[in-house]
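Please look over the sequence and the model together before reading on. The report below is written for a reader who is new to this structure.

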Amino acid sequence: MPQTIESLSPLRCAPARGAHTESRLLNTSVSVPAPRAVVPYLRRNWLGNVRADLLAGLVVALALVPEAISFSIIAGVDPKVGLYASFSIAVIAAITGGRPAMISGATGAMALVIISLVKDHGVAYLFAATILAGVIQVTLGALGVGRLMRFIPRTVMIGFVNALAILIFMAQLDHFIGKALAVYAMVAIGIAIIVGLPKLTNAIPAPLVAIVALGFGGAALGVVVPTVGDMGALPGSLPGFALPDVPFNLDMLSIIAPYAFTLALIGLLESLLTAQLIDDITDTRSDKDRESRGQGIANIATGFLGGMAGCAMIGQSMINVKSGGRTRLSTLSAGVFLMAGILVAGDLIAAIPMAALVAVMIIVAVGTFDWNSIKIRQLRRSPRSETSVMVVTVAIVVITHNLAFGVAGGVLLAAVFFARRVAHVADVTSVLDPDDGRIRIYHVTGELFFASTNELLHLFDYTDPIGRAVIDLTDAHIWDTSAVAALDAVVAKFHAHHIDAEIIGLNVHSAELHSKMTGHLVSSH
């Protein structure tokens, strides 16, 4: 039975429930299956969870419409640009991406980047920038950018998730704050259905039931509330292939290149973080490099189809996974249902009350937030530095409304705290040689790099009445030229006091770096 939306911390690595949501359904094999393996491949990647995937895809498609229109308005383009992007990126990424069940399309973070480009140069330059961004993403994926995910600390991920939940909730406020009483009532009823229905049955995703019930109920009672159609006009045809109407020269490239690089980096960051989030929720692994390439391929195609650049949609991905979506079919069906619904049942979709979608997104926000991270007991137990990283990540995201900025700030702060901690790891102890009292052996331990070597110079006694100092680095490692310069300075100070100094115990890497740089980093005077 399909899993329903529930309050589930995304970082608890809890496996999804239900027979149709086993982790074995998520196979992320990149290679093309041999003919004999086609059926098992299709079953694992496409056909092992059909009913739940199709229903989850339908829920996502309905929620995609107002968001795609909103992002188009933010970017200053026609609503069809965002809708075409959500359709094409979802369909193409379902095939080329490395994270099954992740939804990709037009997003707010990408829309914010292109505002000035569209305003100053027009929508054609947006399409060109989208294509170039895709090329950059494919290149970065080929270079293995996905492996960089391991450098994002868990506290930054928690901050990312919590900030995401806050942004999702804040985005809903404009749709019901200050509106008619009927809107509040519909939101409350929708939340009650989504929370209560799973206790009775899981046959149909509760968000879908809430959307349908509020739509038909509101129409039957003649309740007048804001609808999806009020967000903007829906397109009446499929997107067509066309080259961007821009001059193909260096001037054009100089205009779009900064935007394209920004779009590519923000898109990959959000997509890889979302993939990691779904990995944690479903207790499965995804191919981050393939996802990077897949996002790039989708953006290249979207630029030719008249759509804006996009990336993983975190909120929609959460809806999909928590509604039972598990394979690539759920992502594909979301895109297909989106466009088919607009073309075939555009009037019905336009009549959906925004209050119904608000109720869905509020539950998603509540379920996404890691409530355990803000419990008093947990805060007291966690190191203050880690709590600070989480808080800073959340604060930057909420203030800037840009998840990429928040993650970058959190990673930078975490790196500073890490450098401070390891700066005190290096230590120096000494003993006199038992066979020769004129020789002192200094034993250095720890990692020697720019942060840990600042105090190294002061850990040796240069006035000791000895004839020779042996500096043993058997239990130390030299990481950069700062460490080499510090050791050269130590040797130089011993020589200044007429004490011979010798460095021993270097491992292969340390010896190579030291021999290459020693004597070239310290002034002779």
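What follows describes the chain as a whole, then its salt bridges, and then a nonpolar patch on its surface.

## Basis of the report

This is a predicted model, in which local features need pLDDT of at least 70 and side-chain atom pairs count only at pLDDT 80 or more, while totals for chains, interfaces and linings use all residues. Residues are numbered from 1 along each chain as its sequence is written, and side-chain values use heavy atoms, with hydrogens and water left out.

## The chain as a whole

The protein chain contains 20 helices and 6 strands, where helices (H or I, at least four residues) and strands (E, at least two) are DSSP runs numbered from the N terminus. Taken along the principal axes, its C-alpha atoms fill a box of roughly 100 × 60 × 60 Å. Of the 525 residues, 54% are buried; here buried means under 20% relative accessible area, exposed means over 50%, and partly exposed lies in between, with a 1.4 Å probe and protein chains only.

Among contacts with a separation of 6 or more, 84% are made by residues 24 or more positions apart, a contact being heavy atoms within 4.5 Å. The chain exposes about 23,100 Å², of which carbon and sulfur atoms supply 64%; accessible areas come from the Shrake-Rupley method with a 1.4 Å probe, and for residues only the protein chains shown count as cover.

## Salt bridges

Side chains of opposite charge can pair when their charged atoms come close. A search of the whole structure finds 5 salt bridges, each defined as a side-chain nitrogen of Lys or Arg within 4 Å of a carboxyl oxygen of Asp or Glu. One of them joins aspartate 289 to arginine 147, with the closest N and O atoms 3.5 Å apart. This pair links distant parts of the chain, since aspartate 289 belongs to helix α11 (residues 288-304) and arginine 147 to the loop between α6 (123-142) and α7 (154-173), 142 residues apart. Aspartate 289 is buried, at 14% relative accessible area, whereas arginine 147 is partly exposed, at 48%.

Another salt bridge is formed by arginine 440 and aspartate 464, whose closest N and O atoms are 2.5 Å apart. Here strand β4 (residues 436-448), which holds arginine 440, is linked to the loop between β4 and β5 (468-478), which holds aspartate 464, and the two residues are 24 residues apart. Arginine 440 is buried, with a relative accessible area of 16%, and aspartate 464 is buried as well, with 13%. Arginine 468 pairs with glutamate 502, the closest N and O atoms being 2.1 Å apart. Because arginine 468 lies in strand β5 and glutamate 502 in strand β6 (residues 500-504), this pair ties together parts that are 34 residues apart in sequence. Arginine 468 is partly exposed, at 32% relative accessible area, and glutamate 502 is partly exposed, at 31%.

## A nonpolar surface patch

Val38, Leu42, Leu47, Val50, Leu54 and Phe337 make a nonpolar surface patch of about 420 Å². Patches are made of residues with over 30% relative accessible area and no salt bridge, with like charges joined within 9 Å and nonpolar side chains (Val, Leu, Ile, Met, Phe, Trp, Tyr) within 5 Å.

Helices α1 (38-47) and α2 (50-75) each supply at least two residues of this patch, and the largest share, 3 residues, comes from α1. Leucine 42 is found in helix α1 and is partly exposed, with a relative accessible area of 32%.
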